[in-house]
Amino acid sequence: MGVTGSSRQPPWRLFTSIAAVGAVAFSAILLTACASEALPPVPSVAPLSEAQSEALAVSILEEKGDRILSLYPGAALPTPDRVRFVTQSEIAHVKADCVTEQGFPAAPNDEGGITYSPVPPDEQAEAQTLAAYACDVMYPLDPRFTRPYTEAELRYIYANLKLTVIPCIEQAGSSSPSLPSEHVFIEGWENGRHWNPYGDSGSLTMEEASEIHELCPMVPAELQRQ
């Protein structure tokens with residue numbers, strides 16, 4: 001995003017200035033621009049039953065265990081007792097403390113994960129992986145945060161992309177690839193192929209790309225797992 005010599009403010013900087021007045025006001029501008037269409041009602045989804053939560057938690061651990069065994073055939077997966085489910089906001093801190101207690105010092109990072117310091121040497125990679133798995137067993141993420149979206153929720157996400165997210169990205173001076181049909185979008189999501197509305201962000205700095213993801217989130221706040 002080079003300087004052309006013009007005194008006119010670049011689109012990204014203009015958008016950043018608009019965003020500074022508040023996300024609520026900006027959202028109102030976007031919705032006004034799309035007045036001919038409106039988002040459907042927010043889907044109502046029943047909470048997971050205890051049995052459903054347990055089945056989902058077991059399934060996620062099995063997938064992690066399978067990945068570890070594919071890397072380290074013959075490894076003995078640890079089987080400690082579960083201590084408790086943890087929330088999205090605390091998991092990085094809990095897991096960092098847990099692996100540190102297992103002998104691999106770590107701390108939460110800005111991306112919501114953990115960073116090992118020092119990084120374990122290659123000969124300790126398997127032991128470190130198994131320690132992290134043990135912490136996943138003891139402190140799994142509450143299944144309400146990992147529950148798959150229903151078809152009604154995916155339809156809502158699609159409508160929000162069309163009416164809010166893509167206009168938001170374009171207001172930022174960036175662009176989105178062509179939005180697929182609702183059917184293709186839902187089918188792809190259900191099969192682990194999430195359509196990316198942000199397209200090629202190579203023309204943006206890392207800071208700008210991070211800001212546009214924050215200002216134009218793919219999943220609206222009303223569907224964020226709380």
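Visitor: What makes the link of Cys168 and Cys216 left-handed?

Guide: In this predicted model, the angle about the S-S bond of Cys168 and Cys216 is -70°, and with that value the link is left-handed.

Visitor: How do you know that Cys168 and Cys216 are joined by a disulfide?

Guide: The distance from S to S is 1.9 Å for Cys168 and Cys216, and the cut-off for a disulfide is a pair of cysteine sulfur atoms within 2.5 Å, so the pair of Cys168 and Cys216 qualifies. The pair links distant parts of the chain, with Cys168 in helix α6 (residues 151-171) and Cys216 in the segment after α8 (206-215), 48 residues apart.

Visitor: Why are Cys168 and Cys216 called buried?

Guide: Buried means under 20% relative accessible area; Cys168 has a relative accessible area of 2%, and Cys216 is at 2% relative accessibility, so each of them counts as buried.

Visitor: How do you know where α6 bends, and by how much?

Guide: The bend is the angle between axes fitted to the seven residues ending at a position and the seven starting there, and at Leu161 in α6 that angle is about 50°. Just after α6, Gly173 takes a positive phi of about 90°.

Visitor: What other disulfide does the search find, and how many are there in the whole structure?

Guide: The search of the whole structure finds 2 disulfides, and one of them joins Cys98 to Cys135, with an S to S distance of 2.0 Å, so this pair also lies within the 2.5 Å cut-off. With -90° about the S-S bond, the link of Cys98 and Cys135 is left-handed. Cys98 lies in helix α4 (residues 91-101) and Cys135 in helix α5 (residues 125-138), so the pair ties together parts that are 37 residues apart in sequence.

Visitor: Are Cys98 and Cys135 buried or exposed?

Guide: Cys98 has a relative accessible area of 4% and Cys135 has 2% relative accessibility; because buried means under 20%, both Cys98 and Cys135 are buried.

Visitor: What is the pairing when the bonded cysteines are numbered in sequence order?

Guide: Numbered in that way through the protein, the bonded cysteines pair as 1-2, 3-4.

Definitions and conventions
Residues numbered from 1 in each chain as written. Predicted model: local features only at pLDDT ≥ 70, side-chain atom pairs only at ≥ 80, totals over all residues. Heavy atoms only, no water. Helix = DSSP H or I, 4+ residues; strand = E, 2+ residues; numbered from the N terminus. Buried < 20%, exposed > 50% of the residue type's maximum accessible area, 1.4 Å probe, protein only.
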